[in-house]
Amino acid sequence: MLIPVVCAFVLLGAQGCTEDPKAGEGVEAADQCDGSLSPAAAEALEKITEAKSFTPTTGGESVSGVAGRTAEDYERLGPVNKGSGLRDSYDLCLVYPRGIRDRADIRISFELADPADAEGDEIPPGWAGYPMGSKALASKRKSLLFFECDASRMKDGDGDPPMILGSLRKRSEAAGSGSEFMKANMTVLHSASLALAKELGCAANGDLPETPALESVA
């Protein structure tokens, strides 16, 4: 079930970006994604973008905004299961290195997911798996993190908790060690996902630890 989900993501384009002379001095990595990034995640963001300063942007929602929209989708449409149709995906943040505005280098988004897509132990070629949430996978260009959210604001009639999928997509593949960048991608996504799980009130934070578990699983 997982590989079709991985392949279904629309890749960010690989076109070059242009400098915006009005971008100013920029902001730090810790200021991105509505302040949801831990110090380790902010450092990882600098690593995968190869940037120390970022363009201030209004792209994406706040953590509370993504939580509210996700809960509204669940209340309106119910749990996601095979054949139930796609749900909207909500961007938490679009990250632009300083001076670049025409194409985001990093996009982090969340959506309700089919729990079946988090089943199984298969890991696609070029990806690594990590023991967090219901399933966590990362490549050099993308990372995916599934977690259950058993919260009072997100329950259906039979009490089954919904599954949430967080994704990080990078515009182009970073140079360097594959495992090194996979871990950095997952560190950033874990921090944003943990912030959302806490905002929604997910039981046990959706089985997401306070610090990312980055020992890859076979």
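**Terms and values in the model**

Reply: This is a predicted model, in which local features need pLDDT of at least 70 and side-chain atom pairs count only at pLDDT 80 or more, while totals for chains, interfaces and linings use all residues. Residues are numbered from 1 along each chain as its sequence is written, and side-chain values use heavy atoms, with hydrogens and water left out.

Me: How many helices and strands does the protein have, and what pattern do they follow along the sequence?

Reply: There are 4 helices and 6 strands, where a helix is a DSSP run of H or I with at least four residues and a strand is a run of E with at least two, numbered from the N terminus. Along the sequence they follow the pattern α-α-α-β-β-β-β-β-β-α.

Me: Why is Met 163 called buried?

Reply: Buried means under 20% relative accessible area, exposed means over 50%, and partly exposed lies in between, with a 1.4 Å probe and protein chains only. Met 163 has 4% relative accessibility, and therefore counts as buried. Met 163 belongs to strand S6, and 8 of the 8 residues of that strand (163-170) are buried. In the protein, buried residues make up 49% of the 218 residues.

Me: What makes S2 and S5 pairing partners of S6?

Reply: Two strands pair if DSSP finds at least two bridges between them. Strand S2 (residues 106-113) is joined to S6 over 8 bridges in the antiparallel sense, with Leu 112 standing opposite Ile 164. Strand S5 (residues 142-148) also pairs with S6 in the antiparallel sense, over 7 bridges, and there Phe 146 has Leu 165 as its bridge partner.

Me: Which residues does Met 163 touch, apart from those up to four places away in sequence?

Reply: Contact means heavy atoms within 4.5 Å, and the residues that Met 163 touches include Glu 111, Leu 112, Phe 146 and Phe 147. The C-alpha atoms of Met 163 and Phe 146 are separated by 6.7 Å, although these residues are 17 residues apart along the chain.

Me: Why does Ser 36 count as buried, and where does Ser 36 lie?

Reply: Ser 36 counts as buried because its relative accessibility is 10%. Its place is in the loop between helix H1 (2-8) and helix H2 (39-49). Beyond its neighbours within four places in sequence, Ser 36 is in contact with Val 63, Leu 92, Ser 191, Ala 192 and Ala 195.

Me: How do you know that the span of H4 is close to the expected one?

Reply: The expected span is 1.5 Å times one less than the number of residues in the helix. Helix H4 (residues 178-200) has 23 residues and reaches 33 Å from its first C-alpha to its last, close to the 33 Å expected. After H4 comes Gly 201, whose phi is positive, near 80°.
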